[in-house]
Amino acid sequence: MNRIILYILLIICTISCNNPFDKNTSEALQGDWVRENYPIEKDSILEEPLPDLYRINTLFTFKADTLLNSNHFGSYNEKTKKYKYLSYKAEFQVKDSMISWFNTITKKNIDFGKVKKITTDTIYLENFMLIREKKIHQYNDFDVIIVTSSGCYGSCPIYNYRLESNGYIIYAGEKFTKINGVYKGTINKEYFNYFKQVLNQIDLKNTDNEYTDNATDGNSEEIVFIKNNKVFKRISFYINDGPPKVKQLLDILRAMNYYIENNKPYYYENYFPILNPFISKKEVDLEDFSDYQLFYLWTELMKHPSKKFQFKLKTFKINKFRYKFIYEEISPQSLETIETDGQRFQIKFKNKPIQYYDLGYNFLVNNNLTYK
């Protein structure tokens, strides 16, 4: 009898000790939220925010007991002074009004923020707010996405990669990346599905083509969407990451190299990280190739090797190149000449025989590039 009484008392104590506010907070958190600062001119954090808040564009998703962070989770080691990437998701809990996420390295809960007040579209924490992000449903179909990131005066990652609609990826990490060198592989299925879900919450047609800021020494990034061998959307970034959903997409694409599986070296010896090869104005009437165009062309060439052929149509030949900074991570052979009629290409590396490629379509015409 005494055991039964103790058991009942334990249940009552457990129920009474649970904080109803914590439960309500966990339920209210479900969904997508944008983090915003409090207006400087407001004295009370419990007053309604001004409509023109400064947006810092970090988007969080709470789903069941999982927190998804568009800017990703990491752990900084004070002894080694190194940052270790963890994941794009972490378990979270609410206890005594404090939201915290679990660090899998330190095995400790890390404070996210203490909740002060909850309304339908806003959760007020001690030092910032979460504003509910409205969902939209799109279907952004693509065959290929090209993603590029340039260097800066610091340790900005330098990479180019090609992501296909089936999760296949060709990745060239040039400097300050998790994977250095040229590889092919597939993207982790769960992460790839996460990427597609976020992509289909963006109205690509009405998204700006450029996001920039009045600053220097930053890196440039591009996301280029391709369907049927033609570019249908190109978004350029310079320091400014854009609105929340666009920044979330960019953050996901930035971390794609952490989720490459079954990676194997890919035509490393034929990689040519050169700048603007088509610049001979006597022969060519086109704008300088950008990083994305050059890398896109290179991936197309590697997918379409051909038998030896002779050109029948007029061609142009380039034998002067401006090379990027070549790091020890990628030290390709010296490129001597490129000759093409737009569809077929003959490429000559130093001390190697000519290599032949036939794309089956005119790459220059499809990319609105013409030559005389």
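**View A. Pairing of β9 with β14 in the predicted model.** In this predicted model, β9 and β14 run antiparallel and are joined by six bridges. Within this pairing, V147 has I223 of β14 as its bridge partner.

**View B. Pairing of β9 with β10.** Strand β9 also pairs with β10, again in the antiparallel sense and over six bridges. Here I145 stands opposite L163 of β10, and L163 is in turn one of the residues that touch the most other members of the largest nonpolar core.

**View C. Burial of β9.** Because six of the six residues of β9 are buried, the strand is largely enclosed by the rest of the structure. The side chains of V144, I146 and T148 point one way from β9, while those of I145, V147 and S149 point the other way, and all are buried.

**View D. The largest nonpolar core.** This core holds 35 residues, of which L163, F195 and M256 touch the most other members. At least two residues of the core are supplied by each of β4 (82-95), β9 (144-149), β10 (158-164), β11 (168-175), α3 (189-199), β14 (220-227), β15 (230-238) and α4 (244-254). The largest share, six residues, comes from α3.

View E. When its neighbours within four places in sequence are left aside, M256 is in contact with Y161, L163, I169, I187, Y191 and F195.

Technical notes: Residues are numbered from 1 along each chain as its sequence is written. This is a predicted model: local features need pLDDT of at least 70, side-chain atom pairs count only at pLDDT 80 or more; totals for chains, interfaces and linings use all residues. Side-chain values use heavy atoms; hydrogens and water are left out. A nonpolar core is a set of buried Ala, Val, Leu, Ile, Met, Phe, Trp, Tyr and Cys residues joined through side-chain atoms within 4.5 Å. Buried means under 20% relative accessible area, exposed over 50%, partly exposed in between (1.4 Å probe, protein chains only). Helices (H or I, at least four residues) and strands (E, at least two) are DSSP runs, numbered from the N terminus. Contact means heavy atoms within 4.5 Å. Two strands pair if DSSP finds at least two bridges between them.
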